[in-house]
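Come along and look things up with me, one entry at a time.

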Amino acid sequence: MANFNTHLTVAIGASAGAALVAVNFHVITVTDAPWMVAFGAIGGMLPDIDSGNSTPIKLFFTTLAIITLLTVIQVFKNNYPAYILLLMAAAAYLIIRYGALNLFNRFTSHRGIFHSVLTAVFFCLLMVCIACYLLRWDILHSWLSGLFIGFGFIIHLLLDEIYSVDLSNKRMKKSFGTALKLYSYKNMTTTALMAACTLALAWITPQPQPLIKSWQAQNSQYLSAAKSPVIKTAIKKLSQK
Ligand SMILES: [Zn+2]
């Protein structure tokens, strides 16, 4: 199994490559690229949030706990004296960081539903919705951030599968086929739950029209360039040689 650093490095490398291609095709600008690489890196860490006490899961729940703590302070700051507010915020932090994490660990198994293409689609759509409805980004950038999360996610699953091939002995390890799968074959309850959540998200996700349009605009630009007389004569000369 690839460790945290390997996953992070490969996800960043692959996302940087994908961002470079996107910049080249004028789908994103150079200033967008670092953001897309960051989303790819996050996607590359997400699948391992199901592995007990791994670094990504701790990071994920610590961030969630801090957000909850800040929300509690923001919502109740005018209703309670400072010391009670602090106690409430501390309690909220502890409940999420330790209580919710324990609960999550109890209900998920490593390389279960979180190592599947279905969950990659779920996180892709989730990011599109967060970017579009909460952060109020335009649809093109919302979709791009979602796609980079999904891309990093799939890269993680691929890397896990590559690591399950024992090259020195030329044999497959037991873990082969447990990372890159469409859904969790062993646990149909979690699969059904994840499928329902993904469908619900798909229902509210904005249509990717702006992304398709920008892609088509690029394609037609390349096609018209190929039809230009200069390129035609260049192709003719090449074929005569
Ligand atoms: Zn993994």
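**Entry 1: two helices side by side.** At roughly what angle do the axes of helix α3 (residues 55–76) and helix α4 (residues 82–107) cross? I looked up the pair and found a crossing at roughly 155°, with the two axes coming within 8 Å. An angle over 145 degrees counts as roughly antiparallel, so α3 and α4 are roughly antiparallel to each other. I also noted the hand of the crossing: α3 passes α4 in a right-handed way.

**Entry 2: who meets whom there.** Next I listed the residues in this contact. From α3 I wrote down I57, F61, T62, L64, A65, T68, L69, V72, I73 and F76. Facing them from α4 are L85, M88, A89, A92, Y93, I96, R97, A100 and L101. Sorted by class, the contact of α3 with α4 has 16 nonpolar, 2 polar and 1 charged residues.

**Entry 3: a stop at T63.** Is T63 buried or exposed? I first placed T63 in helix α3. T63 has 12 other C-beta atoms within 10 Å, and 12 or fewer is the cut-off, so T63 is exposed. I then checked the distance from T63 to Y93, which sits 30 residues away along the chain. Their C-alpha atoms are separated by 9.8 Å.

**Entry 4: a second pair.** Which angle do α5 and helix α7 (residues 188–204) make where they pack? I found about 35°, with the axes 9 Å apart. The crossing of α5 past α7 is left-handed. On the α5 side I noted L118, T119, V121, F122, L125, L126 and C129. On the α7 side they meet M194, A195, C197, T198, L201, A202 and I204. By class, this contact of α5 with α7 counts 12 nonpolar and 2 polar residues, and no charged ones.

**Entry 5: two loop residues.** I went looking for positive phi values outside glycine. H26 has one, with phi near 60°. I found H26 in the loop between α1 (4–24) and α2 (33–45). Its count is 12 C-beta neighbours inside 10 Å, so H26 is exposed. R136 is not a glycine either, and its phi is positive at about 60°. R136 belongs to the loop between α5 (117–134) and α6 (139–163). I counted 8 C-beta neighbours inside 10 Å for R136, which means that R136 is exposed.

**Entry 6: the whole chain.** How many helices and strands does the chain have? I get 9 helices and 2 strands. Read from the N terminus, the order is α-α-α-α-α-α-β-β-α-α-α. The chain has 241 residues, and 28% of them count as buried. I also looked at contacts with a separation of 6 or more: residues 24 or more positions apart account for 69% of them.

**Entry 7: how confident is the prediction?** The average pLDDT of the chain is 85, and 86% of the residues score at least 70. Which element has the lowest mean pLDDT, and which the highest? Strand β2 (residues 171–172) has the lowest, at 60, while α2 has the highest, at 94.

Notes
Residues numbered from 1 in each chain as written. Predicted model: local features only at pLDDT ≥ 70, side-chain atom pairs only at ≥ 80, totals over all residues. Helix = DSSP H or I, 4+ residues; strand = E, 2+ residues; numbered from the N terminus. Buried ≥ 20, exposed ≤ 12 C-beta atoms within 10 Å, placed from the backbone. Contact = placed C-beta atoms within 7 Å. pLDDT = per-residue confidence, 0-100. Axes fitted to C-alpha atoms, helices over the stretch in contact; angles between N-to-C directions. Parallel < 35°, antiparallel > 145°, perpendicular 65-115°, else oblique. Left-handed = near helix turned anticlockwise from the far one by under 90°. Nonpolar A, V, L, I, M, F, W, Y, C, P; charged D, E, K, R; others polar.
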